[in-house]
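Please keep the structure open while you read.

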Amino acid sequence: MSPNPFLRRAGRWLLAAAMAMAGAHASAAIVGASGTLAGSTRSFELFAGEGYISAADGVQIYSWGYGAAVGSGGTGLMQISGPTLLVNQGETVTISFTNNLPTRTSMLFPGQSGVSASGGSAGVLAQEAAPGQTVTYSFVASRPGTYLYQSGTQPALQVEMGMVGALVVYPSGNPVGTKWAYNHAGTAYDRETLVVVSDVDSDIHAAVDEQVRAFKAMSGYTAASESVFTADLSKRFPKYWMLNGRTSPDVFAKNFVGELPHQPYNTLPRLHPGEKMLLRMIGAGTDLHPMHHHGNNSWAIARDARMLGSTPAAGPNLAFSDYTIKVVPGQTLDALWSWTGAGLGWDVYGKLCNPTATTGPTVCTHTAAQQHQLLSDRGKPMPVKLPSEFELAYGEFYSGSPYLGDFGVRPVGAGAANTTGAYFHMFHSHNEREVVNGGIFPGGMMTMMVIEPPGVTIDAGQP
């Protein structure tokens, strides 16, 4: 008898989640490549390459992507999404880009002005590199924000194949010890995460794979041989949906996990109550994706690396609140998300409150880190009485207790993915067909926003 496919997928979900929660690389900051800095010039060695990425249940998808040399902070392998380039406002960014694909390709930097290029030959949108050639791109990162970069050669096909990545420019005006997304205190945050949202039609990838194999099998083929590959994009119909190049449950696995060599970045935002999480969202696919976060609305503070303000001095006074981030193809959006427990009508740290006597007042031993709730909720019990453990359906993220950081009675083996007593809020596409793998739920564009108890250490990651 073949194993139940749903149980197999569920088991992989739980294993990946448990590994991520126990690991040292869960995402609390953006992981990326910082290149090398000499004076005010930050240099990167990037390349274009080919390989096979993994989707659910062992599916392998032929892809093209950008990679970064180890000396630039990369893995030395092509990756999906491309290396996240981390730079500072005012730096001159220089990228030495070598093409290892059997077709022409390039790099395009939307939102950057004064981009210069040397080497290769002029294309319609960008300076292009033939197979084996190197092109050097240079620009000044004059404005902070979240940007994407992509291929400017056959962009409809090459972006589909994976030729897209993120560029983060940190502002120069932050006071020491603070984190601002832009040069205004209204964009302050405590932690940040990057989510590159993409959609993949594996049939297109398979068609290109077949053409490339046939081309390489031709007599006289060398590493410098060049061809043009095509696909019928009018029939494009995505079958896999990805966050940072991974489908769920692989989004939970550690950064740089060995079994995903071409998909090094995870998507597992973690924060403490009261902290602000900066969500840097990038639409790297062809479709619009409504990314919905449970637990609270977020405030959109910037679009396309431009703060949503009437004037720069006013800060993000045109920010808007929503429970679903509309991730538009080719667009970036920065949003602030937080969770405090305020207004729930009960105390999420209720187990810390004990009466001093049978008829005496309730004394709550909340620390400063636990005082984000409304004062009127402090010490207030849950408004309902939980059923006994024999009458509950246990989720694997449930600690057995309604209180943050607390544990309760659970059946043996239940709740294995929650090792800290955290609260898990789903963060997923609100388009139901995008939260599946191979047509089976759960999968696709789905992860969690994890609210950790104040005493739990969240790894700093790469600032």
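Phe256 is partly exposed, at 42% relative accessible area (buried is under 20%, exposed over 50%, partly exposed in between, with a 1.4 Å probe and protein chains only). The model is predicted: local features need pLDDT of at least 70, side-chain atom pairs count only at pLDDT 80 or more, and totals for chains, interfaces and linings use all residues. Residues are numbered from 1 along each chain as its sequence is written, and side-chain values use heavy atoms, without hydrogens and water.

**Aromatic pairs**
- The structure holds 16 aromatic pairs (ring centres of Phe, Tyr or the six-membered ring of Trp within 6.5 Å; planes under 30 degrees apart are stacked, over 60 edge-to-face, the rest tilted).
- Phe109 and Tyr149 make a tilted pair, with centres 6.4 Å apart and planes at 40 degrees.
- Phe109 is buried at 6%, and Tyr149 is buried at 0%.
- Phe256 pairs edge-to-face with Tyr265, at 6.2 Å and 85 degrees.
- Tyr265 is buried, at 6% relative accessibility.
- One aromatic cluster takes in Tyr66, Phe97, Phe109, Tyr137, Phe139 and Tyr149.

**Cavities**
- There are three cavities of 30 Å³ or more (on a 1 Å grid over the protein atoms alone, sets of points where a 1.4 Å probe fits but cannot get out; lining residues have an atom within 4 Å of a point; points join across faces, edges and corners, and volume is the space filled by probe spheres set on them).
- The largest cavity holds about 150 Å³.
- Its lining has 21 residues, with Ile80, Val159, Glu160, Gly162 and Ser198 nearest the centre.
- The second largest cavity has about 100 Å³.
- Among its 11 lining residues, Val31, Leu194, Asn244, Tyr265 and Asn266 lie closest to the centre.

Methods
1 Å grid on protein atoms, 1.4 Å probe; cavity = no way out; pocket = protein on both sides within 12 Å on 5 of 7 lines; lining within 4 Å.
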